[in-house]
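Hello,

Here is the structure I promised to pass on. Please open it alongside this note; what I found follows below.

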Amino acid sequence: MVNAVEDLVNQSLRRIGYTMPIGTIWEGSRASRTALEVYGQARDELLLKRDWPFARQAVSLALLKTAPVGGYGIAPWTSASPPPPWIYEYGYPASCIMVRALRGVPFIIPDFDPKPRNFVIANDASLGTTSKVILTNLAGAQAVITGRIVDPTIFDPGFTEALVSALALRLQEALSPDAQQVKDRAAEEQSSAMIADARRG
């Protein structure tokens, strides 16, 4: 069972034949420093690639802007409103890797006929700082997202295996850059990802 980031790193190190496991990711050894550089990116990239059930979350969105009453034909567009043709602008959820879908709050629960909703991700520089936002024409929107899950005890087995393979490739490149071994690790990473997909159905 994986209980900590160090477990994942040490599994990856064993896979590449590196004989000095780490005690803690912060210890300052060559392997731990390399792991610190690549772990977060490898995890987030893997979360982004697939719609992992353990990372799927439904979140309410914070409304930031709406179109003028009566639409853009009545009043000229200003940065106080979402850019046309969008009616609503929502804040991008914190700890969100990817917005998978938007949905409205159903009047009847359960909703047996959910409709797909159009949206785009954009950056808005008019909010004081440039902020990532969601533009849509859906009022009261909720988002189905892939969240940035950082607790390894929550990872499902398929994700854990794929992450160990992804880390092994990156650690191989940094700690023991043998061309054939890197090629083997890349093939292993691809195989682990395919197996994880098959297990998810």
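Start with α1: its buried residues pack against α2 and α3. The buried positions in α1 are Val5, Glu6, Leu8, Val9, Asn10, Ser12 and Leu13. After α1 comes Gly17, which has a positive phi, near 80°. Please keep in mind that this is a predicted model.

In general, nonpolar side chains in soluble globular proteins tend to be buried together.

Next, the aromatics. A search of the whole structure gives six aromatic pairs. One of them joins Phe155 and Phe159. Their geometry is edge-to-face, with 4.8 Å centre to centre and 65° between the planes. Setting aside neighbours within four places in sequence, Phe54 contacts Leu47, Ile149, Ile154, Phe155, Asp156 and Phe159.

A ring elsewhere on my list is that of Tyr92. The charged end of Lys132 sits over the Tyr92 ring, 4.7 Å from its centre.

Then there is Lys65, in strand β2 (residues 63-66). Is Lys65 buried or exposed? Its relative accessible area is 8%, and the cut-off for buried is under 20%, so Lys65 counts as buried. What do the polar atoms of its side chain meet? One lies 2.5 Å from the backbone oxygen of Ser79. There is also a polar contact of 2.6 Å between the side chains of Lys65 and Ser126. Beyond neighbours within four places in sequence, Lys65 is in contact with Ser79, Ala80, Ser81, Pro82, Ile87, Tyr88, Glu89, Asp124, Ser126 and Leu127.

Finally, the overall picture. The protein has four helices and seven strands. Read from the N terminus, the order is α-α-β-β-β-β-β-β-β-α-α. Of the 201 residues, 40% are buried. The accessible surface is about 11,200 Å², and carbon and sulfur atoms account for 57% of it. Take contacts between residues at least 6 apart in sequence: 67% of these join residues at least 24 apart.

If you have time for two places, I would open the Phe155 and Phe159 pair and the side chain of Lys65 with Ser126.

Best wishes

Definitions and conventions:
Residues are numbered from 1 along each chain as its sequence is written. This is a predicted model: local features need pLDDT of at least 70, side-chain atom pairs count only at pLDDT 80 or more; totals for chains, interfaces and linings use all residues. Side-chain values use heavy atoms; hydrogens and water are left out. Helices (H or I, at least four residues) and strands (E, at least two) are DSSP runs, numbered from the N terminus. Buried means under 20% relative accessible area, exposed over 50%, partly exposed in between (1.4 Å probe, protein chains only). Contact means heavy atoms within 4.5 Å. Accessible areas come from the Shrake-Rupley method with a 1.4 Å probe; for residues, only the protein chains shown count as cover. A polar contact is a pair of N or O atoms within 3.5 Å; within protein, one must be able to donate a hydrogen and the other to accept it, and residues adjacent in sequence count only if both atoms are side-chain atoms. Rings of Phe, Tyr and Trp (its six-membered ring) pair if their centres lie within 6.5 Å; planes under 30 degrees apart count as stacked, over 60 as edge-to-face and the rest as tilted. A charge sits over a ring if NZ of Lys or CZ of Arg is within 6 Å of the ring centre and within 35 degrees of the ring normal.
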